[in-house]
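Have the structure open as you read.

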Amino acid sequence: MTTGMAKRDGARTDDRPDADVIVVGAGPGGSAAAYHLARTGLDVLLLEKSTFPREKVCGDGLTPRAVRSLVEMGIDTSTEAGWLRNKGLRIVGGGVRLELPWPELASWPDYGLVRPRADFDEMLARHAVKAGARLREATSVTGPLRDERTGRVIGVTARSGVDRAPVNFHAPVVVAADGNSARIALALGIRRREDRPLGVAVRRYYRSPRTNDDFLESHLELWEGRPRESRLLPGYGWIFGMGDGTSNVGLGMLNTATAFQNTDYRDLLERWLSPLPAEWGFGEENALGPVRGSALPMAFNRTPHYQDGVLLVGDAGGMVNPFNGEGIAYAMESGRIAAETIVLALARHSGPARERALARYPEIIRETYGGYYTLGRFFVQLIGNPTVMGLGTRYGLPRQTLMRFVLKIMANLTDPQGGDAADRLINALTRLTPAS
């Protein structure tokens, strides 16, 4: 294992191909893992296939759960630092428009944030570099590098630079944070689980007077046409003000919906937006850039999360919250958990002792999210039924006490110790529900 002193005293150049840990992907999960690893003195190589700034399909909204990970990393989340804060979630559906403030809890911040992913991801990656990680952009990892004798992963193969020259990078541990493409996991034979939910989301930016909205807005029903002749479209939508003169507007659908396989999502977005008030600015004349889409791998739809020296983080391990489609918080949290596991493992000699420490990672991930994600899978099955969804919006939304409970469980925001009756009920449910 290399030492922090060797890294910091300039004895090695930044383009050296060896490290203590290789992190594949400089998204939120990879950058969080690299940050937490580097601050312990480990030599961390963070490989990113693109160059910053780069686009990422996302709603750009962060719940208090994600904010906590930022605060733990020492990131300034003030408005002066370029963040737009929000007070909670506005839910629109069933003829009701309900504003629910984020719950006031001891364990979580009481505000959310909005920031474009093109800026957000680069900021996190640079923060990891400040902690000591080495970032190498324009480096596409093509697969794992295995020890010919043991079969264990000892690094990655990649193509790097403008000329896409092949290069091998070596490290005793690899963190796969390569998003829903999950190239490393696929090369290891870790396939997507068909028994887990999958979502698709599309979004577009518009110049809009709604840009400074201090609530994230979620539409549980998508209507096409004016009230008298309108019909219900599949999926759910969002409108997030960005604070820079634009709004992020998008929609998503789960594979439990009957229309999942046969939907033109770009056309669906246009049909939903066309009857919305013209003064909101969500017309073609105000559009900035094309409609972009991405998959949302949910509820551990790729397992195991550790194999042969590789730990899966975030979307690569299917860790998107099935209740609300949130991925950033779970990417950053799993990145931190992976880092903590690796630090303890590399403190041991290579061999069975180190392997036992690394094998704890999927156990910790399952203990942390397993029961909650199982509940989320049941929830996804329910809302995939239009009748159930209709009854829920019609009779549930007008009841604010019920909806505050729903917000807590959907955003996964409770105090683990103490808390109110809702916290205790949700915590009991997640503990008692089998993790699988």
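Predicted model: local features only at pLDDT ≥ 70, side-chain atom pairs only at ≥ 80, totals over all residues.

## Helices around H7

Helix H2 covers residues 28–38, and its axis comes within 7 Å of the axis of H7, at a crossing angle of roughly 30 degrees. On the H2 side, the residues that meet H7 are Pro28, Gly29, Ala32, Ala33, His36 and Leu37. H7 answers with Ile328, Ala331, Met332, Gly335, Arg336, Ala339, Ile342 and Val343. Sorted by class, the contact of H2 with H7 has ten nonpolar residues, three polar and one charged.

Next up is H3. Helix H3 (residues 64–72) packs on helix H7 (residues 328–346) at about 40 degrees, with the two axes 8 Å apart. Because of that angle, H3 counts as oblique to H7. The crossing of H3 over H7 is left-handed. H3 puts Arg65, Ala66, Ser69, Leu70 and Glu72 into the contact, while H7 brings Ile328, Ala329, Tyr330, Met332, Glu333 and Arg336. The contact of H3 with H7 splits into six nonpolar, one polar and four charged residues.

Then there's H9, residues 360–383, whose axis comes within 9 Å of the axis of H7 and crosses it at roughly 155 degrees. So H7 runs roughly antiparallel to H9. The crossing of these two is right-handed. From H7, the contact uses Tyr330, Glu333, Ser334, Ile337, Ala338 and Thr341. By class, the contact of H7 with H9 comes out as nine nonpolar, three polar and one charged.

| Helix pair | Axis distance | Angle | Crossing |
|---|---|---|---|
| H3 and H7 | 8 Å | about 40 degrees | left-handed |
| H7 and H9 | within 9 Å | roughly 155 degrees | right-handed |

## Domains

How is the protein chain divided? Domain 1 takes in 21–87, 112–194 and 299–379, domain 2 spans 203–297, and domain 3 covers 385–432. Going by C-alpha atoms, the centres of domain 1 and domain 2 sit 29 Å apart. Their contact draws on 21 residues from domain 1 and 19 residues from domain 2.

Between them, domain 1 and domain 2 bury about 1700 Å², and 60% of that is on carbon and sulfur atoms. Which residues of domain 1 lose the most area to domain 2? They are Val57, Leu84 and Lys87, which together make up 29% of what the domain 1 side buries.

Now for a few spots in the loops. The peptide bond from Phe52 to Pro53 is cis, with omega near -5 degrees. Pro53 sits in the loop that links strand S2 (44–47) to strand S3 (61–62).

Thr303 and Pro304 are also joined by a cis peptide bond, with omega about 5 degrees. Look for Pro304 in the loop between strand S19 (287–297) and strand S20 (306–307).

Finally, Arg164 has a phi near 55 degrees, which is a positive value in a residue other than glycine. Arg164 is in the loop between strand S10 (153–160) and strand S11 (165–170).

Technical notes
Residues numbered from 1 in each chain as written. Heavy atoms only, no water. Axes fitted to C-alpha atoms, helices over the stretch in contact; angles between N-to-C directions. Helix = DSSP H or I, 4+ residues; strand = E, 2+ residues; numbered from the N terminus. Parallel < 35°, antiparallel > 145°, perpendicular 65-115°, else oblique. Left-handed = near helix turned anticlockwise from the far one by under 90°. Contact = heavy atoms within 4.5 Å. Nonpolar A, V, L, I, M, F, W, Y, C, P; charged D, E, K, R; others polar. Domains from an automatic or database assignment. Buried area = accessible area lost by both parts, 1.4 Å probe.
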